[in-house]
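The following exercises concern a single protein chain. Each task is followed by a solution worked in steps.

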Amino acid sequence: MASAAEQLASNLNFSTFAKAEDLKKRLWFTLAALLVYRLGTHIPLPGLNPEAYAQAFRGQAGGILGLFNMFSGGAVQRMAIFALGIMPYISASIIVQLMTSVVPALENLKKEGEQGRKIINQYTRYGTVILGALQAYGIAAGLESGQGLVVDPGLFFRVSTVLTLLGGTMFLMWLGEQITSRGIGNGISLIIFAGIAAGLPTALAGTLELGRTGALSTFLILLVIIVAIGVIGVIVFVERAQRRLLIQYPKRQVGNRMFQGDTSHLPLKLNTSGVIPAIFASSLLLLPATLAGFANSTAMPSWATSIVAALGHGQPLYMVLYAALIAFFAFFYTAIVFNPKDTADNLKKHGGFIPGIRPGERTAEYIDYVLTRITVIGAIYLVFVCILPEILVSQTGIPLSLGGTSLLIVVSVTLDTVAQIQGHLIAQQYEGLIKKSKLRGGKRGR
């Protein structure tokens, strides 16, 4: 079966794409939805003083606001209606996933299949509303506390800001679901991808401008380009890498004939946790600096000022903690999204087993053992991909959009989307082969 799919994939060409009408409709829908998203990132929040806010943002661009601005496609920098972006939905999804492992009721819903998944998705939407409302109110209060940022501060501004930002997040959540069902790729991932990709040309132009003015040497610019290409190559290699466990199914007898048992593979990704560890680690480490930036520095105790300085972007302590948090979240999130016991139970239920390993508890222990070893490699890979560009960013002053986290997201989403496009083309060609075989069979019958 796998060889047949590979044979179809090797025969894909432009004519196959030209005949794939459904795929072209999905691509056009995806592009149109992403265009709507990009337009929304340029619609400003009402009631702000644009010049005062732009000046205040420049002072905080190196903190967590810069990270959120990268994920929102510049909407935070412009304080647009999509400034919250899709991050409340992602946070709610992660919280719900964590709760499914500790709350028996949610764990039972997860095992109920499609119906349970719909209920869990509904809980995720409720969580998005709560988190989005809290974050929007925090933004409104923070803007009012700034000097001259809000034209007419008061209750009306806070209510309108919460409704506008929360409405923008809910619209993006709906838009992402529409892309997933009617377009190509994962809608939420593509929205984040579009935001980061939109900032890459500006980041590249800013880097070249630094070279033109002499702030960066030509050697450093070439080094950044070489490192970026190398990091992209590493990401492509590791994201496609799998550890395949051989699964054997017993022989079966049909009538008087004995059929050989089938074999398949259980693929374990080298990086099961994806980009989540890098996002979580960045957010946690940049939060103290951002809070200190909004607070009155003269009112802070000396020990707090020292901690904030030590956790500054590019400082040695920052790098060490960043690497440690990435490794921690790589293991933590992998344990959340992949349950070896459930996998072993499903294999046992369908009669599958790993050769040399007893079904049930021993299989779960073996899968957990293999998963732990490859997660070590995945954590090292994530640390390398995120830390190496981070060092260049802190030492050279290149824009944050060229950092390791952004490259990891862009390359991973691109690989996933291309794989889905190829899957649609394979399905299109397979359907064409079936139709041809039916026509030939019909002609022979005549």
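**Exercise 1: A threonine and its surroundings**

In this predicted model, the side chain of Thr-30 lies 2.8 Å from the backbone oxygen of Arg-26.

Solution. 

**Exercise 2: Annotated segments**

Task: For residues 79-103 and residues 187-208, state what percentage of the chain is helix and how far apart the end C-alpha atoms are.

Solution. 
1. Take the segments from the record: the unreviewed UniProt entry lists several stretches as "transmembrane region", including residues 79-103 and 187-208.
2. Examine residues 79-103: this stretch is 64% helix and 0% strand, with its end C-alpha atoms 37 Å apart.
3. Examine residues 187-208: here the chain is 100% helix and 0% strand, and 32 Å separates the end C-alpha atoms.

**Exercise 3: The second largest cavity**

Task: Describe the volume of the second largest cavity, the residues that line it and the classes of those residues.

Solution. 
1. Count the cavities: the structure contains 2 cavities of 30 Å³ or more.
2. Give the volume: the second largest cavity has about 40 Å³.
3. Identify the lining: Leu-270, Asn-271, Thr-272, Ser-273, Ala-330, Thr-334, Thr-375, Gly-378 and Ala-379.
4. Assign the lining to elements: helix H15 (316-337) and helix H17 (361-396) are the elements that each give two or more residues. H17 supplies the largest share, 3 residues.
5. Classify the lining: 3 residues are nonpolar, 6 are polar and none is charged.

**Exercise 4: The chain as a whole**

Task: State how many helices and strands the chain has, what percentage of its residues is buried, and what percentage of contacts between residues at least 6 apart in sequence joins residues at least 24 apart.

Solution. 
1. Secondary structure: the chain comprises 18 helices and 4 strands.
2. Burial: of the 446 residues in the chain, 39% are buried.
3. Contacts: among those between residues at least 6 apart in sequence, 75% link residues at least 24 apart.

Notes:
Residues are numbered from 1 along each chain as its sequence is written. This is a predicted model: local features need pLDDT of at least 70, side-chain atom pairs count only at pLDDT 80 or more; totals for chains, interfaces and linings use all residues. Side-chain values use heavy atoms; hydrogens and water are left out. A polar contact is a pair of N or O atoms within 3.5 Å; within protein, one must be able to donate a hydrogen and the other to accept it, and residues adjacent in sequence count only if both atoms are side-chain atoms. UniProt positions are given in the numbering used here, feature names are shortened, and annotations may be inferred rather than shown by experiment. On a 1 Å grid over the protein atoms alone, a cavity is a set of points where a 1.4 Å probe fits but cannot get out, and a pocket is an open set with protein on both sides within 12 Å along at least five of seven lines; lining residues have an atom within 4 Å of a point. Grid points are joined across faces, edges and corners, and a volume is the space filled by probe spheres set on the points. Ala, Val, Leu, Ile, Met, Phe, Trp, Tyr, Cys and Pro count as nonpolar, Asp, Glu, Lys and Arg as charged, and the others, Gly among them, as polar. Buried means under 20% relative accessible area, exposed over 50%, partly exposed in between (1.4 Å probe, protein chains only). Contact means heavy atoms within 4.5 Å.
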